[in-house]
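Subject: Structure handover and findings

Hello,

Here is the structure we talked about passing on. Please have it open while you read the notes below it.

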Amino acid sequence: MMPGGFMGGAKDRLLPVSVPFRFFGAAAFFHVLAWLTLLWGADDLPRFIGGPGPVLAALHLMTLGVLAMAAIGASYQLLPVATRQPLARVWMARLSFWLFAPGLLILALGMSGEADSALWPGAILACAGLLLFALLTGDNLRRAGSLPIVAAHGGAALVALLGTIAAGLLLIGDFSHGYLADHASVAVLHMGVAAFGFMGLLVFGYSLILVPMYLLSRSVPTRPGWLQLGLGVAAILLFAAGRLMALPLLDVFALLIGLAAAATYLVLMRAAWKSAMRRRQGLSFVLLRAGWAGMVLGLLAGLVLAAGIDIPNGPALFGWIVLVGWLLTFVTGILQRIMPFLASMHATGRGGKPVRVSDLTAELPLRIHAVGHGLAFVLVALGIVLDLNVLVQLGAVAGLAGALAFAAFAGVVIVQVYRLGPPS
Amino acid sequence: MIDDLPGRHWMADDGLHIDVRDLAAPEPMIAILGRLETLATDGPVIVHHFCEPAPIYDDLADLGWTCEVVPGDEDEVRLILRRPV
């Protein structure tokens, strides 16, 4: 069974409220910006296979700005609580934000094709922020003894992050110097290791503590967790080897092993669900389940493509399903749990009337976000397959509406935590 | 069923006591909600906790319980749960 380690004495290890919430607030901001940029580049999306332009900028605003930003905020706050080890230096967490967030804005400007000279300054700042995050989180995981399985997932995800950064810098250099023999293959390696290695392994590992805690599950077995990690790492290594040795056949085996890892993960999540005591699961868990469906669908789409079966605009569709159908759906679903939960932890302890999680959230914006996000996913996916730009544009508008609603939700939580919680 | 729940409980003159101070979450929340669902009591229930269990206030309300923080021992947050008739 999962060792009991989460939240025991948690209050002592809560960071100043401004630290995690600046990352969550920024994720909500970049979410809006990503959909706006995608709307701008909608005509290019169906046939997108890489290269500078609005789609590349939108892609990085989504992956770095929303997915990584949320993961960093959650890691800084939840890992010290889970591992029972405080963050080594809180100022370094703050510094990582001030390197990463402005760096990403500059990088996105450079990637959009509007200001090539912004590429390197943006990349250097953003990568410095990510490396600082890796350093802080790696140090915390190194000292973690109570949750070895989560620490192992986190460690593997950080290695994947380093690989993602290295491949990303190679690709940026290649834009101006053209030294890569196969730019597209390195771009696929960069995307695959980022999505499945860094974010995927974080999702696998953090789900082992977050999902049972939010569901109030009585028990989740540990052993399949090690199996999912082993399979996940094997799949990513095989995929990377296939790219580096120009053996695309290895993609098929990597995706098959990835599907086995996903199946193991879903068995664990089902065990958490079966022993759940919480009645009020809410929209958040609808999104989590939709995200899990997106994960399986994305892997199956990848397998079909790797097997040589033609899907119209297949690479763009595969990327869309993995990034939006799985990861963005999951991350927005878990963020709408994490934010009010952390806010409630900060808002208590002042005496008087107890503060409920439901007092700190806003249901209507979350419903609008869920509808907008779902519509956006379907419309853009259809637009990619049918090569119809108007569907991509409509989907981007729906996604933008959903992102604005999500930002309103984040704004409500942040205002409430500062109104009710201790100033910090 | 009740033996599977984490934490400990006992009856006293002032009601049912549940002590979850030595547990790590989500076990305190499971210990409290599990006992409220399993034991036939309408309260009061006195909970000995290491912090305010804000994340389960909504769950308690769903089950018809009110919650009040009262003075307790040092290093303890004490709560009284009541189910209004």
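Predicted model: local features only at pLDDT ≥ 70, side-chain atom pairs only at ≥ 80, totals over all residues.

Residues are numbered from 1 along each chain as its sequence is written, while chains are lettered from A and ligands numbered from 1 in the order in which they are written.

Chain A

Chain A has 12 helices and 0 strands. Helices (H or I, at least four residues) and strands (E, at least two) are DSSP runs, numbered from the N terminus. The order of elements in chain A is therefore plain: α-α-α-α-α-α-α-α-α-α-α-α. Along the principal axes, the C-alpha atoms of chain A fill a box of roughly 65 × 40 × 35 Å.

Of the 424 residues in chain A, 57% are buried. Buried means 20 or more other C-beta atoms within 10 Å of the residue's own; exposed means 12 or fewer, partly exposed is in between, and C-beta atoms are placed from the backbone. Take the contacts in chain A between residues at least 6 apart in sequence: 77% join residues at least 24 apart. A contact here is a pair of residues whose C-beta atoms, placed from the backbone, lie within 7 Å.

Chain B

Chain B has 2 helices and 5 strands. Their order along the sequence is β-β-α-β-α-β-β. The radius of gyration of chain B is 12 Å, close to the 12 Å from the globule rule for 85 residues, so chain B is as compact as a globular protein of that length. Its C-alpha trace spans about 30 × 30 × 30 Å along the principal axes. Buried residues account for 45% of the 85 residues in chain B. Among chain B contacts between residues at least 6 apart in sequence, 57% join residues at least 24 apart.

The core

The largest nonpolar core holds 186 residues. Such a core is a set of buried Ala, Val, Leu, Ile, Met, Phe, Trp, Tyr and Cys residues joined through C-beta atoms within 7 Å. The members that touch the most others are A:Ala27, A:Val66, A:Leu67, A:Met69, A:Ala70 and A:Leu327. Helix α6 (residues 183-215) of chain A gives the largest share of this core, 22 residues. Beyond its neighbours within four places in sequence, A:Leu327 contacts A:Leu67, A:Ala195, A:Met199 and A:Val322.

Helix pairs

Axes are lines fitted to C-alpha atoms, for helices over the stretch in contact, and angles run from 0 to 180 degrees between N-to-C directions. Angles under 35 degrees count as roughly parallel, over 145 as roughly antiparallel, 65 to 115 as roughly perpendicular and the rest as oblique. A crossing is left-handed if the near helix is turned anticlockwise from the far one by less than a right angle, and right-handed if clockwise.

- Helix α1 (residues 18-40) of chain A and α2(A) cross at roughly 165°, and their axes come within 8 Å. They are therefore roughly antiparallel. The crossing is left-handed.
- Helix α7 (residues 223-244) and helix α8 (residues 249-274) of chain A cross at roughly 160°, with axes that come within 8 Å. That makes α7(A) roughly antiparallel to α8(A). This crossing is left-handed. Residues that meet include A:Leu231 and A:Leu238 in α7(A), and A:Ile257 and A:Ala261 in α8(A).
- Helix α9 (residues 282-306) and helix α10 (residues 314-347) of chain A pack at about 160°, axes 8 Å apart. That makes α9(A) roughly antiparallel to α10(A). Their crossing is left-handed.

Single residues

A:Ala68 sits in helix α2 (residues 54-83) of chain A. A:Ala68 counts as buried, with 28 C-beta neighbours inside 10 Å. A:Ala68 and A:Ala194 are 126 residues apart in sequence, yet 9.7 Å apart from C-alpha to C-alpha.

A:Phe239 lies in helix α7 of chain A. A:Phe239 is buried, with 25 other C-beta atoms within 10 Å. Leaving out residues up to four places away in sequence, A:Phe239 touches A:Gly192, A:Leu250, A:Asp251 and A:Ala254.

Best regards

Terms used. Rg over C-alpha atoms; globule rule 2.2 N^0.38 Å. Contact = placed C-beta atoms within 7 Å.
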